[in-house]
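Open the structure in your viewer and have the selection tool ready.

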Protein chains: 2
Amino acid sequence: MTLTIRDVAREAGVSTATVSRALRGLGNVDPVTAEHVRRVADRLDYVVSATASRLASGRTGSVAVVTPAISRWYFATLLTGVERVMQEADMDLLLHRSADPKVSSPALADRRLRSRVDGVLVLSLPSTSPDVVALRRRRMPVTLIGSRLAGLSSVTIDDVEGARLATQHLVNLGHQRIALIGGAPGPGPFIPEVSRLEGYLEVLEQAGLKADARLQVPGNFTMAGGEAAMNSLLALRRPPSAVFCMSDEMAFGALRALRRHGLTAGADMALVGFDGHDMADLLDLTTVAQPVEELGEAGARDLLGRLADETAGPVERILPTTLVVRGSTTRTTS
Amino acid sequence: MTLTIRDVAREAGVSTATVSRALRGLGNVDPVTAEHVRRVADRLDYVVSATASRLASGRTGSVAVVTPAISRWYFATLLTGVERVMQEADMDLLLHRSADPKVSSPALADRRLRSRVDGVLVLSLPSTSPDVVALRRRRMPVTLIGSRLAGLSSVTIDDVEGARLATQHLVNLGHQRIALIGGAPGPGPFIPEVSRLEGYLEVLEQAGLKADARLQVPGNFTMAGGEAAMNSLLALRRPPSAVFCMSDEMAFGALRALRRHGLTAGADMALVGFDGHDMADLLDLTTVAQPVEELGEAGARDLLGRLADETAGPVERILPTTLVVRGSTTRTTS
DNA sequence: TTGTACGCGTTATCAC
DNA sequence: GTGATAACGCGTACAA
């Protein structure tokens, strides 16, 4: 029913082997023959069966990206960068959301991805994630984006430095009680979280301010979480005068909380976010901007390189962050 | 090197055919044998080769979603819904961004998707898109989300009605000069755009207000576009007193423009968005909310049904929208 | 209920 | 440079 390489071979008057070589531009084919074959294939509107090609060659021509979330700005933006590079490279991109490890079977990604992709791009997953562990054991080419792990290639920002930038900015403005809105409650293995906490604590210490555990609250990296976190901070007997949020989306939630309390960011409470979200500008939010789309592109390119040259050693690329100062830390009047 | 069905067959003491049947739960296998085979496969950590299975069965077990954008909220949210359903159905999901038809070869999606997927989910693409045209000709199962086309299954909202809700709301508030910030300049084949314009015009007419072409400006469905659009409206000799934006993201941009002009939404200018974006609440934006994630899920389910039963006729599902009134249209004081 | 054997459409390895 | 042909790993008549 559907056209096969044999049809093209017959029509072109050559063997299937030659068609295969010609269509893939393998070089060891007479240029004239090759061109002829290509013409015929074109005329017939023939497209190689990806499936058969995969089975025979052992390469799938596709990669998977496993991510904890899709619609959150950071991940959606990473995806944009990844997709662009993969499309250019003519690679299929499989999208896989890593389910909550608590509710789903461990290493689901591994089972679903085995024999389906040549490599995997892992977005911001904790190194202890069963998915990552399984993938590693399988010796599947993996590149991490947004987290690091010994032995694996990764593209990240310097989270410690980013947090330092944010916190130092607040210190410079004279704040003494600087709170932190972070991710999950309790210390997790989630790299950006740990590193940003580290940067925050470092600066406090250097500034001679002592860290107060009550000022460190979880926000789960969501708007709702950020709002709840800010509410709890405002309910403290001695609320902070400044807050560093580990993500812009949490900062947006915090902004809402402030507003509902009749407070103004920048005047009543200094607020710094993290990410460089599109909407940070609109909301006049000071933030530590990271080149998210570029992170995605760089990660994708690294993985492609790794697939092309299996012997390539792991590379850890670190992209720069910049502090973008806006009204949420500098406004002086309501 | 890698485990095959033969290894499992040998180890379990049965034929490969039985293994194949048992592992797929085909029924015509002795329950005891089946269980035994499953155990062995499990112990060996065997996973069927998706590639070989595809070649033999003719089904790829994967679907593609082609979308004009990934990080825009609406699409990222649709994707979340789609991905959830596909993961539950154990279907691979290929992500493909449909490039700008002007710069890319026509029907790129078709060539890249042929023989790679069983069906395609098309997000909000104009029916004249070369991708859609090619897919149709190929008789590939297709479900549209966010747009409609005779002969194809689709899941949409009632865009006309949504626009009516928004415009009527503004009319009810007593506005006489109601502007519209839309998509691309000039009339396009992009369904939501056309329909929303239609609903807007209908209400104006019913209200005895005459449409003013100068009050209809393109915003390209981006924040930047929305901002520029609002700027141009404000530069008019007789600016509108209210604006209906075809998307929340454009409304956000419009909000910024207002702010830069020292104006307040709701007090100096009424503003209604469209989508029900997460952040509309934070920005106190009145909007026509649509169940975006559900749209994605419904579309995905429809496509799955279509794959299971090729004879199923096309279905057009329409999900409801609701007007969410907030301060951007009702605030009375700056 | 189970096993045998062929076919799925390419790629890759040899000869030529 | 080109052509046979044997894998690739599984599904599925068909036979038993």
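Start where two chains meet: in this predicted model, 32 residues of chain A are in contact with 32 residues of chain B. Stay on the side of chain A that touches chain B. Select helix H4 (50–57), helix H5 (73–88), strand E2 (92–97), helix H11 (248–260) and helix H12 (278–282) of chain A; each supplies at least two residues to that side. H5(A) gives the largest share, 6 residues. Now colour this side by class: 15 residues are nonpolar, 8 polar and 9 charged.

Next, select DNA strand D. It is surrounded by 25 residues, and the closest are Ala17(A), Thr4(B), Ile5(B), Ala52(B) and Ala56(B). By class, the surface has 11 nonpolar, 12 polar and 2 charged residues.

Last stop: a sheet in chain B. Six strands form an open, mixed sheet in the order E7-E6-E8-E9-E10-E12. On average, neighbouring strands are turned by 20° against each other, direction ignored.

Zoom in on E9 (270–275) and E10 (286–289) of chain B: they run parallel, joined by 4 bridges. Pick Asp275(B); its bridge partner in E10(B) is Ala289(B). Finally, select helix H10 (223–234) of chain B. H10 packs on the sheet, touching E6 (178–182), E7 and E8 (242–245) of chain B. The direction of H10 makes about 145° with that of E7(B).

Methods
Residues numbered from 1 in each chain as written. Chains lettered and ligands numbered in written order. Predicted model: local features only at pLDDT ≥ 70, side-chain atom pairs only at ≥ 80, totals over all residues. Contact = placed C-beta atoms within 7 Å. Nonpolar A, V, L, I, M, F, W, Y, C, P; charged D, E, K, R; others polar. Near = placed C-beta within 6 Å. Pairing = 2+ DSSP bridges. Axes fitted to C-alpha atoms, helices over the stretch in contact; angles between N-to-C directions.
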